[in-house]
Amino acid sequence: MILFALAALVSLIGLADALYLTSEHLSGRSVRCTLISGCSEVLSSPYASVRGIPLAAIGAVAYFAVFSLAILAAFGYRLAAAVLPLLVAVMFVTTLWLLYLQAFVIRQFCEFCLLSAAVTFALTMIVILIRWQINKFRI
Amino acid sequence: MGETFFVPLQPPWLPRFNPDLNVMKRLIPFLLIIAVAGGAAAWFFARSASTPSPTTANLAPVPTPLGPAEPGAVPPHAEGPNGAKVTIEEFGDFQCPPCASLHPVLKRMEGEFGSRLRVIFRQFPLVPAHEHALAAARASEAAGLQGQFWPMHHLIYENQKSWSSAFDVRPIFEGYAKQLGLDLERYQRDLSSQAVHQRITEDGKRARSLNVTGTPTVFLNGRELPFPSLTPDKLRALIQAELNK
């Protein structure tokens, strides 16, 4: 199904973005403030890590899982197709929470984080479209 | 119903009941997944390899100072006895969020190591990126002229979130000065005094002579610590290691 392939492609953008953010976080580049590149209030906030693991790394794993499930679903694996919307739903809710944190708590946005949010929204819409398509074919 | 339910999920390009194509169905998706996983891992490790990877086992060697280290403001703001075996020197900016996160960590270390540890603070406001950093530095130095540097330092860091995005921070810092019982008139004068300006400038010279480019930058007995080692557990281990030498 084209929509699954599309989801796989979109998730690759999310994966690349999350990997980049993870490497920035781990290198300490954005996490401390410098004269040259300033600092990201968002990436240096306590919300950027979960128990020592950079949030971006968790995002990378999530996007990779979406990619895997979408690819499997595109090749006809029903279980993958069933699990995919659940994962995307979790990511959607998480994204809403992170956007809330940036807007009202940290009061600063980080561009790559916003890109990730956009990717998650796109995936959510694709998954909804898939659901709608399936429903169309139901009796 | 089973047929129509399956139809959208069975891609048209994979005709069913074809054993060779079933192999394709089994193989290709996993190949793609592995390819992406491999590509991602390769990119990630290549990127980490090209940037110095900070670990506690391998402390970044202090870059060659550009000349002899400048002394910085004299006397330095220090908590802990002069003869302490371990000295931590922090270059900090009051508006820098990671510095604010480091603040409780250092306080904790002071609590745990007591008189064995000396903590020195050097002003390194990142201007113009942090628009209130210089005002905060001045406020702390002015308080310092009345012997209240550390209490002011604590107040400013602990309340960073509340003043960081304010439009005018001067009344806020004046509030802290009042809270600390400072002579407000003298505090106001000292904010723009030569003495305060001098201290901040001297610390800045020391920072540059030590190749400090960001905040927080922490030196442990003269050795620069990589940023990821500034967690309570790692820092404790590092201080302990110095004590054991």
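The largest nonpolar core holds 84 residues, and A:Ala7, A:Val66, A:Ala70, B:Ala136 and B:Ala139 have the most contacts inside it. Its top contributor is helix α2 (residues 55-74) of chain A, with 14 residues. A nonpolar core is a set of buried Ala, Val, Leu, Ile, Met, Phe, Trp, Tyr and Cys residues joined through C-beta atoms within 7 Å. Buried means that 20 or more other C-beta atoms, placed from the backbone, lie within 10 Å of a residue's own; 12 or fewer means exposed, and in between is partly exposed. A second, separate core has five residues, including B:Phe91 and B:Phe124. In soluble globular proteins, nonpolar side chains tend to be buried together.

This is a predicted model: local features need pLDDT of at least 70, side-chain atom pairs count only at pLDDT 80 or more, and totals for chains, interfaces and linings use all residues. Residues are numbered from 1 along each chain as its sequence is written, while chains are lettered from A and ligands numbered from 1 in the order in which they are written.

Chain B has ten helices and six strands. These are DSSP runs, numbered from the N terminus: helices are H or I with at least four residues, strands E with at least two. Of the 245 residues in chain B, 33% are buried.

Confidence comes next. pLDDT is the predictor's confidence in each residue, from 0 to 100. Chain B averages 84.

Over residues 1-8 of chain B the pLDDT is below 50. Residues 53-62 of chain B also fall below 50. Where pLDDT is low, the predicted coordinates should not be read in detail.

Methods: Two residues are in contact if their C-beta atoms, placed from the backbone, lie within 7 Å.
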